[in-house]
Amino acid sequence: MNHLAKRAVRDSFVKLAPREQAKNPVMLMVYLSAILTLALFVLSLFGITDSQPGFIISISAVLWLTVLFANFAEALAEGRGKAQADSLRAAKRDVPAHKLNEGLVAKGHHVDDPAEFFRLQADEVSSAVLKKKDLFYVAAGEQIPADGEIVMGAASVDESAITGESAPVIRESGGDRSAVTGGTTVLSDWLVVRVTADAGHSFLDQMIAMVESATRKKTPNEIALEILLVALTIVFLDRVGVAVRVQRLQRQPGGHCEPHHHHLARGAVRVPGAHHHRRAAVGYRHSRHEPPEPGERAGHERPRRGGRG
């Protein structure tokens, strides 16, 4: 298991905090259901409920694995972004810089070996103290300490740490190839560069901030699935509430819960014109040679009270 997967496993347990689970309504319901089933399992162990502990713990295990897997997938996606940011930070480290001034650069144009002249005359400082418009000298094998514009020299530069391109590029003063990025490495020759960005505002700093703050947008299918899961969760909670109310009514002393068809039959009696359907039902029963009700004759209605026979 690589470092990225190990970090995702650790973060999947950290994300079990209620504040993290509340960010996703669907997984929050699964999280709460896992807690409730685990509590019900504990109650069944002590005999407080008559439920089967083995069945309950299996349901609880499935719910907990679902929550952990969702957390692992989210942590893995976040870990990839953090890994990219860490690799960029590794490229952006404080390195020694050979600082120059305008006078030394002007004299360097008139000497036979400018590279040796700049190496001997430059002041070695940390890259963190370089400011905008400062000048520095960088030779082959050294890392460019800050973003800048080449004012003198030409060299091949390895920009794979920034662009991912393994082939080196040529950078030289003048034209559209004069910009260099801090964190890249000079492979050959030398350069004199003028700083164009203060510390904390370089290209690498902007990339790190963009990677850390980047959020992936949900696809339409993910949005539709989330809406469906929310609707099913609401239906599930409603059914659970009905079941709980019915169970409470049944546990009350002398309480009972009438079946649903009793309510339907009671409602049908109150429907206007229901006696016509009853007459048709009586005739249908007679046509099947079933015995009539007391006081009825086949093919005749039961005499109404106060009417003539």
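**A working chat about a predicted model**

Trainee: Is Leu 43 buried, partly exposed or exposed?

Mentor: Leu 43 counts as partly exposed, because its relative accessibility is 34%. Please keep in mind that this is a predicted model.

Trainee: Which helix does Leu 43 lie in?

Mentor: Leu 43 lies in helix 3, which covers residues 25–45.

Trainee: Let me step back to the whole chain. How many helices and strands are there?

Mentor: The secondary structure of the protein chain comes to eleven helices and seven strands.

Trainee: What share of the residues is buried?

Mentor: The chain has 309 residues, and 27% of them are buried. Its accessible surface comes to about 21100 Å². Carbon and sulfur atoms account for 60% of that surface.

Trainee: How about contacts between residues at least 6 apart in sequence: what share joins residues at least 24 apart?

Mentor: The share is 67%. A separate example of distance in sequence and in space is the pair Val 9 and Asn 71. They are 62 residues apart in sequence, and their C-alpha atoms are 8.6 Å apart.

Trainee: Where does Val 9 sit?

Mentor: Val 9 is in helix 1, residues 3–14. With 31% relative accessibility, Val 9 counts as partly exposed.

Trainee: New topic: charges. How many salt bridges does the structure hold?

Mentor: There are seven salt bridges in the structure. One of them joins the side chains of Arg 194 and Glu 102, with 2.8 Å from N to O.

Trainee: Why is the pair of Arg 194 and Glu 102 said to tie parts together?

Mentor: Arg 194 belongs to strand 7 (residues 185–195) and Glu 102 to helix 5 (residues 102–108), so the pair ties together parts that are 92 residues apart in sequence. Arg 194 is partly exposed, with a relative accessible area of 28%. Glu 102 also counts as partly exposed, at 47% relative accessibility.

Trainee: Which helix holds the pair Arg 119 and Glu 116?

Mentor: Both residues lie in helix 6, residues 114–121. They are three residues apart, which is about one turn of the helix.

Trainee: Which residues are linked in a network of salt bridges?

Mentor: The network links Lys 15, Glu 20, Lys 23 and Glu 74. Within it, the side chains of Lys 23 and Glu 20 meet at 3.3 Å, N to O.

Trainee: Now the rings. How many aromatic pairs does a search of the whole structure find?

Mentor: The search finds five aromatic pairs. One of them is Phe 118 with Tyr 137, a tilted pair with 6.0 Å centre to centre and 50 degrees between the planes. Phe 118 is in helix 6 and Tyr 137 is in strand 3 (residues 135–139), so the pair ties together parts that are 19 residues apart in sequence.

Trainee: Are Phe 118 and Tyr 137 buried or exposed?

Mentor: Phe 118 is buried, with a relative accessible area of 0%. Tyr 137 counts as buried as well, at 6% relative accessibility. Ring pairs link Phe 117, Phe 118, Tyr 137 and Trp 190 into a cluster.

Trainee: On to the inside. Which residues of the largest nonpolar core touch the most other members?

Mentor: That core has 14 residues, and Phe 136, Ile 144 and Leu 191 touch the most other members. Strand 3, strand 4 (148–158) and strand 7 each give two or more residues to this core. Strand 7 gives the most, with four residues.

Trainee: What does Phe 136 touch, leaving out residues up to four places away in sequence?

Mentor: Its contacts include His 98, Leu 100, Leu 130, Ile 144, Leu 191 and Val 193. There is also a second, separate core of 13 residues, which includes Leu 104, Phe 118, Ala 122 and Tyr 137.

Note on methods. Residues numbered from 1 in each chain as written. Predicted model: local features only at pLDDT ≥ 70, side-chain atom pairs only at ≥ 80, totals over all residues. Heavy atoms only, no water. Buried < 20%, exposed > 50% of the residue type's maximum accessible area, 1.4 Å probe, protein only. Salt bridge = Lys/Arg side-chain N within 4 Å of Asp/Glu carboxyl O. Phe/Tyr/Trp six-rings, centres within 6.5 Å; stacked < 30°, edge-to-face > 60°. Core = buried A, V, L, I, M, F, W, Y, C linked by side-chain atoms within 4.5 Å. Contact = heavy atoms within 4.5 Å. Areas by Shrake-Rupley, 256 points an atom, 1.4 Å probe, with all protein chains shown as cover.
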